[in-house]
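User: I am new to this structure and would like to learn how to read its features. Please show me one at a time.

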Amino acid sequence: MEETRRTQVVIIGAGPSGLLLGQLLHRHGIDHVILESRSADYVLGRVRAGVLEQPTIAALREAGVGDRAEQEGLRMNGFDLRWDEESCHIDFSRIGKHATVYGQTRVTRDLMDARVACGGITLYEAGDVQPHDLESSRPYVTYRHEGRQWRMDCDFIAGCDGFHGVSRQSIPKSALQEYALTFPFGWLALLADVPPVSEEVAWINHADGFLMCSLRSRTRSRYYVQVPATEDIRHWDADKFWDLYRSRLPSDLAEKLVTGPALEMSIAPLRSYVCTTMRHGRLFLVGDAAHIVPPTGAKGLNLAVGDAKELADALRRHYLDHDTSDLDGYRDRALARIWKAVRFSWWMTNLTHKMTDNPFARQMQLAEFEYTRSSEAAQIAIAENFCGLETA
Ligand code: RFL
């Protein structure tokens with residue numbers, strides 16, 4: 001038999017966007033419950049993003065979880081854009097900004113710790129989560145938990161359940177507006193406890209395909225290399241990765257490469273996707289549930305945090321000031337921010353990856369690289385987009 005509970009906001013998904021939204025709602029005194037289909041350990045074990053913009057750190061601080069990121073995160077003052085042996089340094093100090101290298105797993109851990117400390121309810125391993133009656137003023141969510149069937153009545157539902165979640169799928173097809181571009185390649189990633197080959201993160205265009213030198217700390221490296229979208233992770237091991245990676249590295253970096261066992265290896269597909277139906281009735285989509293960007297611009301996590309902050313502020317105005325205008329404007333404000341990050345991520349992907357076998361495409365990339373190297377204005381435009389644009 002179904003048992004019924006009630007809360008003000010049901011959050012579906014305990015990734016960074018769901019956890020941050022929960023923390024901000026807690027601070028505003030808004031009652032809510034998070035439903036997560038996976039276990040806490042599984043969520044914590046997912047290795048993904050690593051670069052945080054300044055507004056993202058500010059949002060974490062507002063949620064009371066910014067201290068560790070600020071103290072332990074590595075300050076990123078710029079990055080290297082490389083064309084084989086050539087290099088163009090993008091210097092963030094030109095615009096008086098910086099970014100922070102702090103892994104998504106650590107952001108998630110900080111948010112989980114804060115949630116436990118404040119007694120927030122997160123129901124992990126919730127099965128068959130399903131939103132209902134989105135267009136009515138009394139939506140609800142059904143789910144299974146610890147062998148029992150539940151119904152959670154609420155005022156609003158926040159779909160923070162990622163690209164494959166149930167929230168977006170529960171919007172009628174006729175109401176969905178979507179834009180998508182799938183790239184014919186993906187990123188093969190390796191995480192290892194070896195010192196980073198370069199203190200500056202490097203984006204490298206090699207004739208055979210993109211590679212990136214990234215880091216999580218001074219002793220932990222995160223490296224990526226472009227592979228065809230059809231590539232299967234089961235055909236890869238660390239030795240094979242290091243061979244390919246070394247073969248594409250510029251010689252000055254190849255000399256410094258330290259290899260080691262893989263802590264994690266994965267292949268991520270590259271796609272741009274935006275569902276502009278970010279609100280349907282009482283359902284709001286947040287983070288990857290509404291949009292995906294290729295990781296080239298390091299925007300995915302930052303966009304998710306931006307959405308969560310925006311929705312938390314709008315819900316605060318609704319409950320505390322009895323003003324629904326921010327909720328009504330959530331979609332348009334979020335999309336103005338999102339499309340610019342989608343464009344930047346798409347543009348960085350086009351500049352740095354092997355897009356086709358047509359030599360014309362590579363000449364265009366080279367011309368763009370040479371232009372960027374010679375133009376302070378072009379470098380500032382990249383720095384500005386990378387560090388996060390001020391306003392929508
Ligand atoms: P998440 O992190 O996907 O979390 C969604 C949560 O919802 C749960 N869920 C459900 N819960 C209940 N019921 C259901 N039916 C559910 N379906 C799903 C899931 O278990 C999960 O816990 O979305 P969120 O919170 O919006 O956060 C977004 C970020 O995680 C994402 O944008 C970034 O990780 C993207 N991304 C990267 N972004 C960067 O900025 N830089 C990177 O280097 C970077 N690398 C990556 C990435 C994403 C990857 N994936 C998703 C393929 C590398 C990978 C492999």
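Analyst: Helices are DSSP runs (H or I, at least four residues), numbered from the N terminus. Here Leu20, Leu24, Arg27 and His28 of α1 meet Ala59, Leu60 and Glu62 of α3. This is a predicted model, in which local features need pLDDT of at least 70, side-chain atom pairs count only at pLDDT 80 or more, and totals for chains, interfaces and linings use all residues. Residues are numbered from 1 along each chain as its sequence is written, and side-chain values use heavy atoms, with hydrogens and water left out.

User: At roughly what angle do the axes of α1 and α3 cross?

Analyst: Axes are lines fitted to C-alpha atoms, for helices over the stretch in contact, and angles run from 0 to 180 degrees between N-to-C directions. The axes of α1 and α3 (residues 54-62) cross at roughly 45° and come within 9 Å. Angles under 35 degrees count as roughly parallel, over 145 as roughly antiparallel, 65 to 115 as roughly perpendicular and the rest as oblique, so α1 is oblique to α3.

User: How many residues surround the ligand?

Analyst: A residue is near a molecule if one of its heavy atoms lies within 4 Å of it. The ligand is surrounded by 30 residues, with Ser17, Glu36, Arg46, Gln104 and Asp288 the closest. The largest share of this shell, three residues, comes from α9.

Conventions
Helices (H or I, at least four residues) and strands (E, at least two) are DSSP runs, numbered from the N terminus. Contact means heavy atoms within 4.5 Å.
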